[in-house]
Structure formats: structure tokens, C-alpha cells
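Take a moment with the sequence and the model below.

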Amino acid sequence: MENASKALLIAGAILIVILLIAVGMLVYSKSRSVIDTGIAQMSSTEISMFNAQFDEYSGDQKGTSVKSLLQAVIANNQTYATDTAKQVTINSKTSAADISALLTAIKPSSTYTVTFTYTEGLIKTISYSEKT
């Protein structure tokens, strides 16, 4: 009789452990979607923060603003020198020397049209042209 009661206690303990594992797996699977959503939102926040440094320069800008934009791109490209996904190209130029050459050609009193091209949500290419 004692062996039977011990066997029932062991079987009950095993069932409780199995139940706890099942509840743990259920909680994990339910919370995984919340975690994935949080990670995706963090990525969209990072994209927004990255783009915000250039967004103010969109549209028609004076030459002084375009010069500031080019300096911001040079600083950005130096900051993300090892992360090519965050490198920004201006009128097909990426290197600091090439962008600096563009900088000298900007006329402060002229008006320029600035447009962005996005890749995976990030500003990848900035184009500008002088308005006539």
C-alpha cells in the first residue's frame, strides 16, 4: 500500500511539473509577439531619429541651409564610417572630400531644391539643384 501511495505522489508531482512547463511555454509564446513588436517599434524610432537630422532641409532651401546639410552629411558619414546602411550620398558623392568640393560650389544667396531618396526607411540619397 505504501508503494502505491508513493507512486501516486510521484505521478502527481510529474503532472504538476508538466503543467508548469506548459504554462511557461504559453506565457513565452504570448509574450514573444509583444517583444517582437517592441523591437520593431524601436527600429522605427531609430529610423525616425536618424532621418530627423536631415528632414528639416527638405524642399526649397537657401544656400546657407544647403551648406549646413552638406556639413551634417559629412559628420554623419564619419560617425557611421563602418555602417554602410547609414552612409548618405549627396548628388552621387559619399566621401568627405567629394562633399566638401560640392560645399564650395554652393552659392549662399541662391535657392536650392532638396529631395531625399529612402532605402528601407532611411534617407540614403540626398539630391539638390539650384532653382532658376
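Tyr118 has a relative accessible area of 45%, so Tyr118 is partly exposed (buried means under 20% relative accessible area, exposed over 50%, partly exposed in between, with a 1.4 Å probe and protein chains only). Phe116, at a relative accessible area of 15%, is buried. The model is predicted: local features need pLDDT of at least 70, side-chain atom pairs count only at pLDDT 80 or more, and totals for chains, interfaces and linings use all residues. Residues are numbered from 1 along each chain as its sequence is written, and side-chain values use heavy atoms, with hydrogens and water left out.

The structure holds four aromatic pairs. Rings of Phe, Tyr and Trp (its six-membered ring) pair if their centres lie within 6.5 Å; planes under 30 degrees apart count as stacked, over 60 as edge-to-face and the rest as tilted. One of the pairs joins Phe50 and Tyr80: the ring centres are 5.9 Å apart and the planes stand at 65°, so the pair is edge-to-face. Phe50 belongs to helix α1 (residues 2-55) and Tyr80 to the loop between α2 (63-79) and β2 (89-90), so the pair ties together parts that are 30 residues apart in sequence. Phe50 is buried at 5% relative accessibility, whereas Tyr80, at 26%, is partly exposed. Phe116 and Tyr118 also make an edge-to-face pair, with 6.5 Å centre to centre and 80° between the planes. Ring pairs also link Phe54 with Phe50 and Tyr80 into a cluster.

Now the chain as a whole. It has three helices and four strands, in the sequence order α-β-α-β-α-β-β. These are DSSP runs numbered from the N terminus, helices being H or I with at least four residues and strands E with at least two. The radius of gyration of the chain is 29 Å, well over the 14 Å that the globule rule gives for 132 residues, so the chain is more spread out than a compact globule. That radius is taken over C-alpha atoms, and the globule rule is 2.2 Å times the number of residues to the power 0.38. Along the principal axes, the C-alpha atoms fill a box of roughly 100 × 25 × 15 Å.

Of the 132 residues, 22% count as buried. Among contacts (heavy atoms within 4.5 Å) with a separation of 6 or more, 58% are between residues 24 or more positions apart.
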